[in-house]
Structures are given as C-alpha cells and as structure tokens.
Amino acid sequence: MAVPSEMKALLLVGDGYTRTPSGSVLEAMEPYLEPGNIAVPTPGPTQVLIKVNLASINPSDIAFVKGQYGQPRAKGQPAGFEGVGIVVASGDEPDPKGLIGKRVAFATGVTNWGSWADYAVAEADVCIPLLDTVSDEDGAAMIVNPLTALAMFDVVKEEGGKAFMMTAGASQLCKLIIGLANGEGFRPIVTVRRDDQIAALKALGAAHVLNEKAPDFKAALREVVKAEQPRIFLDAVTGPLASAIFDIMPKRSRWIIYGKLDPEATVIREPGQLIFQHKRIEGFWLSEWMRQFRDRRGPAILEAQKRFSDGRWSTDVTAVVPLAEAMTRVPAELAKPNGKVFIRP
C-alpha cells in the first residue's frame with residue numbers, strides 16, 4: 001500500500017496538563033483540538049504504522065485532550081488512544097512480527113501519534129491481529145474497555161464474594177462486566193442516572209439497578225448493600241455518589257477507582273473505617289496492568305475476541321463520525337446516552 005507524505009488529523013491545542021480542570025464532558029472541540037494536515041509519521045524500531053479504519057472515543061480520551069489525564073499532551077500531535085486499521089509499515093526490518101498487511105486493534109500509548117488521524121503509530125507489541133469475525137466497531141474498542149473489564153472482573157472473582165458494586169452502570173465497560181458476571185453467577189449492583197436504563201441492564205444480568213436520582217435512592221442502596229454484602233466497588237464516577245456508597249459498604253471493602261466523571265470533591269466521610277474496618281481505596285490503570293501482568297494479556301485478548309465473535313459481547317454504537325465532520329459533530333454525539341462514538345478517517 002502506497003503511503004502518502006501528509007495526512008489529516010485532529011491535533012492537540014494544549015501542552016502538558018491543565019491548571020483549570022473542567023470536568024469530564026467535552027463541551028466543544030475547539031478549545032482542545034484543531035483539524036490540520038501534518039506529515040505521516042515514521043515508525044520507530046519497535047513500532048508499526050497503521051492506516052486507520054476506525055478510532056474510538058473513550059472517557060480517557062476526553063480527560064487527555066482536556067489535560068486532565070495521567071499522561072501529558074504534546075501540542076500539535078494527533079489525539080486518540082485506540083483504534084483499528086491495517087498495518088502498512090514496520091520500523092523493524094523485515095517486519096519480525098509479521099504484522100504488515102494485517103488488520104489490528106491498537107493502542108497508541110506513549111507514541112504521541114494518536115488514532116484520530118489517517119495514520120497512527122503504535123508499539124508492535126500492543127497491536128492485536130483480529131479475527132475476521134470481529135467487526136471494525138468491536139476491533140476499535142477492543143483494548144481499553146474489554147481488557148479493563150476482564151482485569152477488574154478477575155479482582156471480583158479473587159475476592160470471593162458474589163455481589164459487587166459499580167457506578168456508571170450504563171457505560172460500555174460496565175455492560176461488558178455485567179456480561180462476564182452473568183455467565184459465572186455473580187451479582188452486579190449498578191447505579192445509573194435514568195429509569196429508562198434499568199430494564200436493559202437487568203436483561204444483561206445486573207442483579208440490582210439503582211437510579212441515583214430517585215428520591216428513595218439512599219434507602220434502596222442501604223437495603224441492597226445490607227442484603228448482598230458487596231465488598232468490591234468498581235468506580236468510574238467518584239464524588240459524593242461514590243463517597244456515599246463506600247461509606248455504607250461492609251468491613252474489608254475495596255474501593256477501586258478507574259475514572260473521575262464527577263468533578264465534585266470526593267470526601268471520605270469517616271476516615272476511621274480505613275483503620276478499624278480494614279477498608280481500602282486503590283486505583284486501576286490499564287496501562288499499568290498491562291505492564292505488570294504481561295502473562296495475562298494474551299489470554300485476555302483471546303477471550304475478548306471470542307466474546308465479540310460469538311455475540312456474548314457487542315459494542316453499542318451511537319455514531320460513526322467522519323473525520324472531516326468531527327469538530328462540529330462529536331460533542332453532540334457524545335452527549336447521547338448508552339453507546340460509543342467513533343471517528344472514521
């Protein structure tokens with residue numbers, strides 16, 4: 001495949017981190033991104049160049065472009081952490097991993113050549129050759145959510161109890177975890193923000209779905225926690241909601257934070273519970289998990305592909321937005337509930 005010298009991309013406007021955090025909603029693209037033409041990157045010795053078919057938008061992408069993620073921005077470089085495409089060149093000769101010509105799911109990681117572009121650079125080690133039975137939509141969302149779901153569900157299983165808590169229950173990630181739990185007899189307790197999300201999540205296998213906006217939410221939450229005794233709390237929200245949940249959970253509970261959708265302060269209502277009730281607060285970052293548990297990565301990737309291929313998992317799609325229309329359309333599409341938004345170069 002002939003590779004052009006220039007490409008179109010959505011480029012970062014800011015450098016490093018922001019000094020004024022502004023929450024998890026992408027109100028508009030212009031303060032953070034701009035369309036542009038730049039040179040097609042050259043892959044380094046351990047990298048490959050990918051012709052992007054489809055790129056996903058995750059909450060981590062929003063945090064990153066706003067300068068609120070654990071990785072600094074590089075002004076003028078393309079954004080986008082994840083996608084699917086065809087490998088067209090290798091920085092190593094002669095393509096020792098045999099990736100050229102293959103369709104792969106990829107994560108851009110620390111390469112600073114993101115997926116919201118015609119071409120992206122990724123480390124060859126984190127490219128996943130895809131089965132023909134995996135769609136581009138599932139492939140573009142193959143790494144961040146599925147591997148996080150499998151990794152965090154391992155934590156649930158290792159804890160021993162059947163019931164566990166999750167916030168942001170209608171998110172794609174939580175739906176994947178609910179599917180895992182349903183297949184193994186676990187009982188997810190999830191929170192949502194609207195009543196119309198409840199039935200679908202129960203149909204997937206959630207044991208309890210609680211609307212955090214309902215007037216009887218606190219009473220219902222207390223009753224469910226008392227009955228189910230969940231000791232693992234997987235939290236993407238933080239803020240007052242997560243504080244209230246953790247406060248009433250039983251002894252030896254673990255609050256595992258993997259996102260911060262609520263910009264409000266997160267308060268530990270009674271610090272003594274960390275001492276006398278042996279409760280724990282910890283974080284989860286997929287990048288760190290992939291470095292720390294390299295032996296688990298291969299089996300997790302195979303399991304994710306099998307689940308997407310046989311229909312046990314599927315990606316809910318809100319919109320596929322052409323790259324040329326992304327600046328005007330993406331914020332409005334992201335504001336719609338329940339599905340993922342993709343960018344197609």
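How many aromatic pairs does the structure hold? There are nine aromatic pairs; rings of Phe, Tyr and Trp (its six-membered ring) pair if their centres lie within 6.5 Å, and planes under 30 degrees apart count as stacked, over 60 as edge-to-face and the rest as tilted. This is a predicted model, in which local features need pLDDT of at least 70 and side-chain atom pairs count only at pLDDT 80 or more, while totals for chains, interfaces and linings use all residues. Residues are numbered from 1 along each chain as its sequence is written, and side-chain values use heavy atoms, with hydrogens and water left out.

**Aromatic pairs**

Two of the pairs are listed here.

| Pair | Centre to centre | Angle between planes | Class |
|---|---|---|---|
| Phe-64 and Phe-81 | 4.9 Å | 45 degrees | tilted |
| Tyr-69 and Trp-285 | 6.1 Å | 85 degrees | edge-to-face |

Phe-64 belongs to helix α1 (residues 59–65) and Phe-81 to the loop between α1 and β4 (82–90), 17 residues apart. Helices (H or I, at least four residues) and strands (E, at least two) are DSSP runs, numbered from the N terminus. Tyr-69 is in the loop between α1 and β4, and its partner Trp-285 is 216 residues apart from it, in the loop between β13 (280–283) and α9 (286–292). Together, Phe-64, Tyr-69, Phe-81 and Trp-285 make up one aromatic cluster.

Both Phe-64 and Phe-81 are buried, whereas Trp-285 is partly exposed, at a relative accessible area of 36%. Buried means under 20% relative accessible area, exposed over 50%, and partly exposed in between (1.4 Å probe, protein chains only).

**Charges over rings**

The charged end of Arg-291 sits over the ring of Trp-285, 5.9 Å from its centre. Arg-296 lies over the face of Phe-293, 4.5 Å from the ring centre. Such a charge has NZ of Lys or CZ of Arg within 6 Å of the ring centre and within 35 degrees of the ring normal.

**Nonpolar cores**

A nonpolar core is a set of buried Ala, Val, Leu, Ile, Met, Phe, Trp, Tyr and Cys residues joined through side-chain atoms within 4.5 Å. The largest has 49 residues, of which Phe-164, Ile-177 and Leu-234 touch the most other members. Helix α3 (residues 144–159) gives the largest share of this core, eight residues. Beyond its neighbours within four places in sequence, Leu-234 has contacts (heavy atoms within 4.5 Å) that include Met-152, Val-156 and Ile-256. A second, separate core of 33 residues includes Leu-10, Leu-26, Val-48 and Ile-57.

**Helix α7**

Eight of the ten residues of helix α7 (residues 239–248) are buried, so this helix is largely enclosed by the rest of the structure. Among them are Leu-241, Ile-245 and Phe-246.
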